[in-house]
Amino acid sequence: MKKIYTCFVCGFPFAVEESECPEHCPSCNSTKEYFLEEPWRGDIRLRRIHVDPPLPDPDRDPYDISYHAPKDFPPHSMHGRVRRFVFPYDDLEETKDFFEKSMDWDIIPTKHSDAQRPLLFCATGPGNDNWEPSVPSFIYGYLKPREKFETEKLPTFIVEVDNIEETLVKTVEFGGKVLKERFFEEENQYAIIEDSEGNVMYIWQTPDDVDWTRPETQYLSRRPEKK
Amino acid sequence: MSNKATDTYPYRAPKKYPNKDLHGRMRILSMAYKDFKRFQKFYVNVFGWDMFELPESAGGAPQGSETPSLLIATGPSYETYEGVVPGHLNVSAHYAEGEMEDPVFCAELHMDRPIKETLEDMLAHGAVLLGDMPKESEGWSTGAAIKDPSGNRINVWKCPSSRTWEEPETGYDKEEQE
């Protein structure tokens, strides 16, 4: 018989046949004894068991990897957030066609782009007027001509940081490498780093004129209350 | 679908996504490491990332492994480690058994369509399927890996029907349905 299980520890609901109920919560790994169960009534939205979510613990050891509610991220900082993907392209039309037609993306050349081999900015889902996503947990990104990448090893994502120079110092201090110092592209400041494992990424300094009222700059670390 | 004019380049907002569907959204970045402690020290200190051990039942390594699989909040997130404000995404990390692996993004696919149909549409537009055509399942593991026409690997995933649509990440342009 199909049932809805809600984990008492993390609040995650899932519906499975009773015989296929996992031994551990697929979200937080708590054991089955923490599952609250109720009958399946045809739609998970009809469930009646809801669990208050756990709250962040400000004194938690950041190296402890047991399940916990995500920490409170600081206000007025985008530091550390993975903000964009960057994919190299070879054939412009073929690549653009694929993403527009089979992935439903909205793709535009960036403002100062080369007309023949443009840097393309891609909306992959709902967004606001400033071309930032309007919904959490996905990102927009770039399609970039392969020959225009700055380093031999291609960075494929962008992490936003408060300050490039300070991040470069920390990168080296904690076992990474600086592959390209601060540079400007399309009115933004970037650098390229390699982490301690060899993963390569752009870092992007939060622009000085960032609007801290925009949805993407907020820092609430829990679900909004239901209205 | 109309696009409202705006004052700044490109003088229009992105197109609307009026369907109850997350198809095409880049949803998670998967990274590899060779040395867990070194990886953790780097990302906790350089970027302030917050990580926990991904359960085995969700595809993680056995609990307590010295090479754990991780789910990582890179910015504000809620208890399931999905982002809770727009504009960033979270990361999964795992031990690279052999040679170091490149970071890979995971995109979500249509929930209301057989995965085979969605993938066949992608193949018709120039993608290459890596491995066999996946079988449909009700669990969390219905997915595949493709390469786009420029050779970029993208993992693709179909969410099971247990999504409640109350999750913050499931929003879409509802007003356009009026």
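Modeller: The model is a predicted one. From the N terminus, the elements of chain B follow the order β-α-β-β-β-β-α-β-β-β. The C-alpha trace of chain B spans about 50 × 40 × 35 Å along its principal axes, and 40% of its 178 residues count as buried. Among the contacts in chain B with a separation of 6 or more, 46% are between residues 24 or more positions apart.

Chain A is divided into domain 1 (1-66) and domain 2 (82-217), and the C-alpha centres of these two domains lie 35 Å apart.

The sheet in question is an open one in chain A, formed by eight strands in the order β5-β6-β7-β4-β8-β11-β10-β9, with mixed pairing. Its edge strands are β5 and β9 (177-185) of chain A, each of which pairs on one side only. From one strand to the next, the twist averages 25 degrees. Within this sheet, β4(A) and β8(A) run antiparallel and are joined by three bridges. A:R84 stands opposite A:I158 in β8(A).

Two helices pack on the sheet. α1(A) touches β4, β5, β6 (120-123) and β7 (140-145) of chain A, and its direction makes about 145 degrees with that of β5(A). α2(A) touches β8, β9, β10 (188-194) and β11 (200-205) of chain A, and its direction makes about 0 degrees with that of β10(A).

Several of these elements also take part in the interface. In total, 89 residues of chain A are in contact with 80 residues of chain B. On the side of chain A that touches chain B, at least two residues each are supplied by β2, β4 (82-89), α1 (92-102), β5 (106-109), β8 (157-161) and α2 (164-173) of chain A. By class, this side comprises 42 nonpolar, 27 polar and 20 charged residues.

A:P26 is found in the loop between β2 (13-17) and β3 (35-39) of chain A. A:P26 is buried, because 23 other C-beta atoms lie within 10 Å. The C-alpha atoms of A:P26 and A:C7 are separated by 9.3 Å, although the two residues are 19 residues apart along the chain.

Methods. Residues are numbered from 1 along each chain as its sequence is written. Chains are lettered from A and ligands numbered from 1 in the order in which they are written. This is a predicted model: local features need pLDDT of at least 70, side-chain atom pairs count only at pLDDT 80 or more; totals for chains, interfaces and linings use all residues. Helices (H or I, at least four residues) and strands (E, at least two) are DSSP runs, numbered from the N terminus. A residue is buried if 20 or more other C-beta atoms lie within 10 Å of its own, exposed if 12 or fewer, and partly exposed in between; C-beta atoms are placed from the backbone. Two residues are in contact if their C-beta atoms, placed from the backbone, lie within 7 Å. Ala, Val, Leu, Ile, Met, Phe, Trp, Tyr, Cys and Pro count as nonpolar, Asp, Glu, Lys and Arg as charged, and the others, Gly among them, as polar. Domain bounds come from an automatic or database domain assignment. Two strands pair if DSSP finds at least two bridges between them. Axes are lines fitted to C-alpha atoms, for helices over the stretch in contact, and angles run from 0 to 180 degrees between N-to-C directions.
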